[in-house]
Amino acid sequence: MATTVVLDADGFDEERSLDMLPAALLETIMTKLDVASLCSLASTCKTLKSCVSRVLTFTPNFHLFNVSLSMETVRPLLFPNQQLSSLKLDCGRLGNSAIDVLARPSLREISLHNCRDFSGDLISEIGKKCKDLRLLCLGSVAEKVGRTVTRAALEDLLNGCSHLEVLALMFDLSLYLRPGDGRIFGLASDKLTHLELGHISSRMMTHLLTSTGQDSGGRALQNVQQLRLSVDCITDAVVKAISNSLSSLIDLDLRDAPLEDPRQLSDLTDFGLQEINRNGKLKRLSLIRSQEFHSAYFRRVSDQGMLFLAGKCLGMESICLGGFCRVTDAGFKTILHSCSSLSKFSVYHGPKLTDLVFHDVLATALSLSHVSLRRCHLLTDHAVRNLAWNLKLESLDLRGCRNIRDEALQAISHLRKLKVLLLDGTDVSDIGLSYLKEGVWDSLVSLSVRGCRNLTDKFMTTLFDGSSKLALRELDVSNLPNLTDAAVFALAKSGAPITKLQLRECRLIGDPSVMALASTRVYEDECPGSSLCLLDLYDCGGITQLSFKWLKKPFFPRLKWLGITGSVNRDIVDALARRRPHLKVSCRGEELGIDGEDDWDSADIQQHMEAEEDELEQWILGDEGDVEMEDAEDESDDEGSEEEE
């Protein structure tokens, strides 16, 4: 029962139950809370649970991303609510049977993740029922075998939702549409300002834009200000079509990941870059060729193309370039010296980029806050020293820059505003990381040293000595062959409020680390292990069945992602996954967490999510014991005894 402490007439403490307050007053207060907070209250006593149940019948917003709910849970929570205007949900455990619950006429915003088991019927019904919709984001639709999306479903959506301002279809449209079908996007609302497509062929996109431009009634995309596309190949034709058709464009993000080297005649060239930003309104530009499937580059773009681009991007605030293998220091330097308003500069896979790009960066008027130079192998400490004169840096990504050593960290230590530092695969040592203690350490929120093979336990004991209150929330120390349980002991003892900890492929990490983390008490909360939301222990050599006893409740109460090696004991792993259905257990070595989370969620949605979502799980599942898991452990123990005999 929820109680509060007050002073009676004689000045003595007196406990009073919240039952004494009018239900109407409690419900009025609850209308100010988000869903995660409501569920937290519901788990405390019957009175509050009853009030929460009533509040959920008229709350305008239902936002819950990091917990995947079943149909049995979703229906009673959503169906009675006729005033719901904003729905944001993880649909990983839902399918077509939930469409009638999700597609509501009152909705103005819909964001649904992991719609793998939905067919195009979801898209069609949203178009038919949600006539007042302003924002629609759908992820992974019809990815499950046997599901499909038809052209008719997309037509229903675009015809029905005539007030759409934001549309994000984060799945592969090229699987369901023919090249000529792209013109159906001409049916989109003329109020559309943000368009994001998970994957579409460049030919289809070119046809879409050129056909809508010619159609007197089809200039529906002319007001789009933000365009994010993943295409099969970025070409001059698609860049030219975008520049000619989208006159209001402010933010352009184009990405591709070819399975083989594109044909020379169809690839992006210097003249394609000359077409960008014809209308002069572009503020943010991203052109990335990913090496995810094949080592492909923009082989027809040279320094001349960068010179053309620099002349068109004088007012740019953010530029991200990836896969430009022929561009040298001269090309990248032209960009830096031309864009005086630039605050974010990123180069991925720049094999010819060297320290000379930043040699005279102090002579510019730049005030960079975010710099990413991932996999620029020729960079050395000298470049970082020049960058570090820019004291406003908040994020620095040097992953894959293998010639970065301790001298760079000495310069970085003076960046008092730095929040994100990514050093994967660099040549830093324990001594270099100890320099961070001199100033930047107290401001860092995220640190990654994955694959820095010179590191040992010493850097952890130095940084996590408990001498200061840390802001650090994310730590990646994966693939460090010399890291042992002693390093995790230092982390646990420091009380650092880590929410994401990655220890994958640390062969010397074992059960003692899990026990130490399970017993951790952080500054903000005295609940054991309360801060960890993600824990990656994949391929840690010392993890045995003993660790699973500490992965049960009440330990790690907020854990949402767990990486583990499935071969430890598959029955126990499966039992843990069943017992904690909202815990996403990965056994195959894939990276954990949600990429691009910021693209889906605004800050207010995430405000209390990590802190309180476990209360929802408690409310839904009740106080059942860990029977299944204990049975699996008993069976495992019996098997071990039989083997010994």
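**Salt bridges, question by question**

User: What makes R284 and E317 a salt bridge?

Analyst: Their closest N and O atoms are 3.8 Å apart. R284 lies in strand β11 (residues 284–289) and E317 in the loop between α11 (303–312) and β12 (318–322), so the pair ties together parts that are 33 residues apart in sequence. Helices (H or I, at least four residues) and strands (E, at least two) are DSSP runs, numbered from the N terminus.

By the way, this is a predicted model: local features need pLDDT of at least 70, side-chain atom pairs count only at pLDDT 80 or more, and totals for chains, interfaces and linings use all residues. Residues are numbered from 1 along each chain as its sequence is written, and side-chain values use heavy atoms, leaving out hydrogens and water.

User: Why is D181 called buried?

Analyst: Buried means under 20% relative accessible area, exposed over 50%, and partly exposed in between (1.4 Å probe, protein chains only). D181 has 5%, so buried it is.

User: And R178, is that one buried or exposed?

Analyst: Exposed, because its relative accessibility is 58%. R178 and D181 meet in a salt bridge too, at 3.9 Å from N to O.

User: How do you know that E590 is partly exposed?

Analyst: Its relative accessible area is 32%, so it gets the in-between label. Its salt-bridge partner is R588, at 3.3 Å between the closest N and O atoms.

User: How many salt bridges are there?

Analyst: The count comes to 31.

Terms used
Salt bridge = Lys/Arg side-chain N within 4 Å of Asp/Glu carboxyl O.
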